[in-house]
Amino acid sequence: MEKFVYLFHEGNGDMKETLGGKGANLAEMTRIGLPVPYGFTISTQACNTYYEEGKTIPSIVESQILGALRRLEENMGKKLGDAENPLLVSVRSGSVFSMPGMMDTVLNLGMNDETVIGMGKLTNNPRFAYDSYRRFIQMFSNVVLDINTYYFEQFLEETRESKGYHTDPEMSAEDWKEVIEGYKGIVKKHTRKEFPQDPKEQLFLAINAVFDSWNNQRAIVYRRLNKIPDHLGTAVNIQSMVFGNMGDDSGTGVAFTRNPSTGEHVLYGEYLINAQGEDVVAGIRTPQPIQTLKDEMPAVYKQFAETCKRLEQHYQEMQDIEFTVERGQLFILQTRNGKRTAQAAIRIAVEMVEEGIIDKKTALLRVDPDQLNQLLHRRIDDKHQRTLLAKGLPASPGAATGQVVFDADEAEELGNAGKKVILVRPETTPDDIHGIVAAQAIVTSRGGMTSHAAVVARGMGKACICGCDALKIDVKAKQFTVKEQIINYGDVITIDGSTGEIMLGEIPMIEPELSDEFQLLLDWADQARKIGVRANADNPEDARKAFEFGAGGIGLCRTEHMFMDLKRIPFVQKMILAESFNERKEALDELLPMQQGDFEGIFEAMQGFPVTIRLLDPPLHEFLPDKEELLVEVTKLQILDPTSPELKKKELLLKKVRQLDEYNPMLGHRGCRLGMVYPEIYEMQAKAIFYAAAKLADKGIEVQPEIMIPLVGHVNELKQMRQLVIDAAVKVQEETGKKVDYTIGTMIEIPRAAITADQIAEEADFFSFGTNDLTQTTFGYSRDDAEGKFLQNYIENKVLPENPFAVLDQEGVGRLVEMGVRLGREAKPALKTGICGEHGGEKTSIDFCYKTGLDYVSCSPYRVPLARLAAAQATIRHESNKEEVYTTA
C-alpha cells in the first residue's frame, strides 16, 4: 500500500520531495532530539493525488490521516474535539522549496464552543482559551471559508475602541466572548451557514484549503518568479499546538542564526510576549529584538541560543527558526535555510569557510549568482542634502527613488508602464506580491524585520523599510502624513533600506563598492572555474568597468554603437548617402580616425586581454531618420516653404531611406552582406583596428584583436571577408612597420552556420555564438514583436518554460550550439568557441556552455561577477574528477 502520511519520527531531512521542506526539517529536528511539538506530514504525493481526483481527498489518504491522528492523540494524551482534554493542532503547508507566506496556514484547529471551555479550565486561563478561539475563527474563515480578514479586523477594532482599549492584551475573557459571537455572525452573513463545530470536519476542510493554496494566485506568481516547478505539490503538516499567548511567561518569535541583511554572526530576530506566531510574521504588532529575551527569560534565551548553534552546525547553513515559549518551555516549530541578501550570503559563505563549517567548494555553491546584482548597483550619495521624513526598521538594504503608490495593483500598472514607484502600505500580505515585484522598494508602517514585506523584499534584492510607525497611512485617501507633512499619491520619495530612512524627493546615487569578502569569493571562483568570462563592451568606459569587475577580455565589441554617436551621425549619413565609391571612401576616411581612437581606448583598458571586435552588423537605414517622421517634415516643407534648400536636402534623404527600407530588416541587408556589397566599409574598420594596435605597440601595450565577421551563413562569405581583413592588415603593416597578431572568426547566429560549421571552421580561427539572433532565427521570432505581443502569454500558459531571449533554449537553440561546436572542432580541433549573446550572463545558460565545451562566455560588464561565480559553480557541479581539491581555510 502506498504511504501518503508520515509521523515526524518516520521521516528525515533527506525526504524533502516527499515531506516538503518544512516536513523534512520537522522530521530531522525530531530525529536529533530537539523540542519539536509532535505531529505528522501528509505528503506532496497526496497533494498531487488530490488534484488527480478532482480536488478530493482519496479514501486511502483519508484513512492514513485518521490513523496518524490517533497516534498523535495517543502521544499527547489528548483527543481532537474532547470537551475535557482537547487536542488542538496547526495545519500548515510545506512545499519542497521554501515559499514563505505564499500558501495557507490554520492555527488552533479543534476549537469550538465546547473545547474552548475545556481549554479554559485546563489552563486555568479562560482569557487565553477565548483568545485562541477567536484567532481560529478568523484564520479558518479567511483561509478555508474565503472571507476577507478585513471584516474581522474591523469588528475587533470597533470593539476595542468601544471599550477604550489600545491593544489586544487588554481584552478580557468576556471581551473575547463578545468578539467570538460577532465573528460567528460575520461567518453566518457571508456563508449562510453556522461556523463548523466538528473538529474532524474542520481538519479535512483545512487540509483541502492548504492543498488548494498550492494553486492560488500569489503561489503561482512566486513559483514563476523563483522558477519552482508547478508539478511538485505541497505537503501538509499537522502538528500539536503550543501556545505563546498563555501569559507573560509565554511568547513566540522568528530568528536567524546570523543577520540576514549583513551576514554578521549574531542571533537576529524578533519575538512577542503573550502572542502567537502569526502576530509576528503578519506585522500586526511590532515585536521586540531577540536580544531583549535575554533579560525577560534568561534561561529560555540560553537554551534557544544553544539550539540555534546546534541547528546551524547540523545543517551547515544559516537557519531561519520559528519558536514558541509556552509557560517558560521552549519549542522549535520550524527551521529552514534562511533567505538573505547578497551581501549577507557572501559574508556568511566566506566566514563559514573560515570557521571550518564548510569548504570553499560549498561556499561557492551557496551564493546565488542572480543575487550579485544587488551589490553592483548604486546607493545614496551621503554628501547630498537629505530631507528626512521618517525612520523605520532597515529591513532590506539598498536604495531607491520613486513615486508613492498605496496599492499593489497600481504599483503593477505603473511599473509595467515604465514608472518607478515605491509601494507604501500599513503592512503587506502575500496577495501584494505582484505589486512588490513591480515596485522599486517597499515601505510599511507596521511589522518587523521578519514580516512578510521584509522577507520577500530581501529575497528579491529590493530595498525595504518596515515598522515605520511615524507614517500615518490613509490608503483610501492615497496619502500618508508625518507629523504635519502630507505626502500624496505620485509624490517622489527616496528610501535607504540600509538605514531605514525615508526622504523627500529624489537624491543622487553613487557607484557601489565591493566588499573584501566579495572579492575573496570571486577569487575562489576564478581558481575553480574552467571556462573563461569576458564582457560585451562598446567603448573604453565599459571596457574599464569590465576589467574592474574581473573580465578576462572583451567577447563582443559592437562597432555600430560607435557610429551612433550624435557627433558622428553626419559622417555616417554622408557615407550612406554617397552616390559613388569615391564619395563613400571620402566619408569613410573621416570616420576611420574616430574608430581608431575608440579601439585604442578599449585595447588600453583591457591591458593585454583579447578583444573581439564585430564589424558593422545592422542595416544602414538604422543610421538614418525615421521614415514616417521624415515624410511628415517633407510634407510640411512642401506646403509651407516649397523653395527652401532644406526641402531638397530632406527629399534626397527620404529617397535614400525608401531605397534602404526593408520588409524584414532582421533578415535583410546587414552583417557580412554589407561587407560583401560595400567592402570599403569593412576595410576601413579593419584598418582602424590595426592602426590602433600598432599605435599601442609603440606604448609597449600588448594587443590581441579578434576580428569577427557577423551573420555568416555560407563559408564563401567568410572566405571573402577573411581575405579582406588579411589584405587590410598587410597594408597597415607596410605603412607602420608594425606586425599585429590577430585572429579572424565569425559569429554563429544563423541555423545554417551551425549546421555547416565544419565548412565554416576551415576559414575561422574562432566561433562566437550570437544567441540573441540565433534564437530569433531558430524560433522564427522577431524579438521586439514577440516580447511585446505574445511571449509573456506563452510563458504564463506554459507553452514555453522561460523567455528564450533571457534563458537559453537548450532543447532547440542549444542543440544548434552543440552541433556548431562539435562540427567546428572536428574540422579544426583548436577552434576557440564562446558565446556573446545575453545568455552569457545567465546562470543556467552558463552551465550549458560549460557542459558544451565552450571556452568562454561574454556578458554585460555588470554581470561579469555573476558569470564568474556561475562558471565556477558549473565547473564544480560537472567536474569529472571527483578528487577533493578544496580545503577548509
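How many bridges join β32 to strand β33, and in which sense do the two run, parallel or antiparallel? In this predicted model, two bridges join β32 to β33 (residues 856–859), and the two strands run parallel. Within this pairing, Gly834 has Tyr856 of β33 as its bridge partner. Strand β32 (residues 832–835) also pairs with strand β31 (residues 766–769), again in the parallel sense, over four bridges.

Strand β24 (residues 501–504) is joined to strand β14 (residues 388–391) by three bridges, and the two run antiparallel. Leu388 has Met503 in β24 as its bridge partner. Strand β23 (residues 492–496) is likewise antiparallel to β24, with four bridges between them, and Asp496 stands opposite Glu501. β23 and β24 form a hairpin with four residues between them, and Gly500 in the turn has a positive phi of about 85°.

Attention may now turn to charged side chains. Side chains of opposite charge can pair when their charged atoms come close. The whole structure holds 58 salt bridges. One of them joins Lys163 to Glu178, with the closest N and O atoms 3.1 Å apart.

Another salt bridge joins Asp526 and Arg868, whose closest N and O atoms are 2.6 Å apart. This pair links distant parts of the chain, 342 residues apart: Asp526 is in helix α18 (residues 516–528) and Arg868 in helix α35 (residues 864–878). Asp526 is partly exposed at 28% relative accessibility, whereas Arg868 is buried at 5%.

Arg558 and Asp538 also meet in a salt bridge, at 3.2 Å from N to O. Arg558 belongs to strand β27 (residues 554–558), and Asp538 to the loop between β26 (532–536) and α19 (540–548), 20 residues apart. Arg558 is partly exposed, with a relative accessible area of 23%, while Asp538 is buried, with 9%. Elsewhere, salt bridges that share partners join Arg127, Asp131, Arg134, Arg135, Arg160 and Asp168 into one network.

Finally, Asp248, Asp249, Asp295 and Glu296 form a negative surface patch. Of these residues, Asp249 lies in the loop between β7 (234–240) and β8 (251–256), and Asp249 is partly exposed, with a relative accessible area of 36%.

Methods. Residues are numbered from 1 along each chain as its sequence is written. This is a predicted model: local features need pLDDT of at least 70, side-chain atom pairs count only at pLDDT 80 or more; totals for chains, interfaces and linings use all residues. Side-chain values use heavy atoms; hydrogens and water are left out. Two strands pair if DSSP finds at least two bridges between them. Patches are made of residues with over 30% relative accessible area and no salt bridge: like charges are joined within 9 Å, nonpolar side chains (Val, Leu, Ile, Met, Phe, Trp, Tyr) within 5 Å. Accessible areas come from the Shrake-Rupley method with a 1.4 Å probe; for residues, only the protein chains shown count as cover. A salt bridge is a side-chain nitrogen of Lys or Arg within 4 Å of a carboxyl oxygen of Asp or Glu. Lys and Arg count as positive and Asp and Glu as negative; His and the chain ends are not counted. The place of a charge is taken as NZ of Lys, CZ of Arg, CG of Asp or CD of Glu. Buried means under 20% relative accessible area, exposed over 50%, partly exposed in between (1.4 Å probe, protein chains only).
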